[in-house]
Amino acid sequence: MSYQLSAVVADVELLREQTADLDHAVLAALRQDFALLPVTPQLVQELTGGLPDFAPAEPSAAQPFELVLSPALDGLLARWSRQGPVAYLEAEFAGGLGRQAAAVWLHGRLTFGPRYDDSFAAPRPDWPINAALARLGAEPGRWIDPFAELGLHLERNTTGWLTHGRRGLSADYWDELAEEWEEQQSGDQQQPGRLGAVGDWGIP
């Protein structure tokens, strides 16, 4: 199954304030009071006044992001970071192989990265996205790493995150559906004739 991510992540109130007047900004809820802003060509154009530029070659350590962080976009994220840390994250996986990259701005300047990885030989906390999320203030919890703790695995692509945000879903949406299904199954055992299936709730 494939996975693709191109997004800004920061404190939900910070992003809400900075994007309140934007037509193409959709905020998707994450855990720990963070939010994810899917980065689309329309959003980049609205933010910078120009069309986005993409790297001609595959991302690498020399060019970590597919999206070229133009001076206008870099400057905008730096300005946002005067209110708190802001991260730009990219990832793409398919068939067990992939890449991820991250950068963090704070106090009006780039303070982490851009860092790129496609081998994942380092310890999990040092993977670019996990390291960036830790710098945002993500705290350990019951999930395996900050990526999962905040819920970045919940949607598979930009379209999914846009839907997530527009529907106002919580980061625990799928967990809540699973719990609801389990409660329904328990009730079904006591009430023969009622049918329930995992697929009814959209859970893979």
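Predicted model: local features only at pLDDT ≥ 70, side-chain atom pairs only at ≥ 80, totals over all residues.
Residues are numbered from 1 along each chain as its sequence is written, and side-chain values use heavy atoms, with hydrogens and water left out.

Strand S3 covers residues 34–38, where strands (E, at least two residues) and helices (H or I, at least four) are DSSP runs numbered from the N terminus. In S3, 5 of 5 residues are buried, buried meaning under 20% relative accessible area with a 1.4 Å probe and protein chains only. Phe34, Leu36 and Pro38 point one way from the strand, and Ala35 and Leu37 point the other way. S3 pairs in the antiparallel sense with S1 (residues 3–11) over 5 bridges, and pairing requires that DSSP finds at least two bridges between two strands. Ala35 is the bridge partner of Ala10. S3 also pairs in the antiparallel sense with S2 (residues 28–29) over 2 bridges, and there Ala28 has Leu36 as its bridge partner.

Pro38 is also touched by Thr158, which contacts Gln4 and Thr40 as well, not counting residues up to four places away in sequence; contact means heavy atoms within 4.5 Å. Thr158 lies in helix H6 (residues 158–166) and is buried at 16% relative accessibility.

Elsewhere, Phe93, Phe120 and Trp127 form one aromatic cluster. Rings of Phe, Tyr and Trp (its six-membered ring) pair if their centres lie within 6.5 Å, with planes under 30 degrees apart counted as stacked, over 60 as edge-to-face and the rest as tilted. The count by this rule is 4 aromatic pairs. Phe120 and Trp127 have ring centres 5.1 Å apart and planes at 65°, so this pair is edge-to-face. Trp127 is buried, with a relative accessible area of 17%.

Note on methods: Buried < 20%, exposed > 50% of the residue type's maximum accessible area, 1.4 Å probe, protein only.
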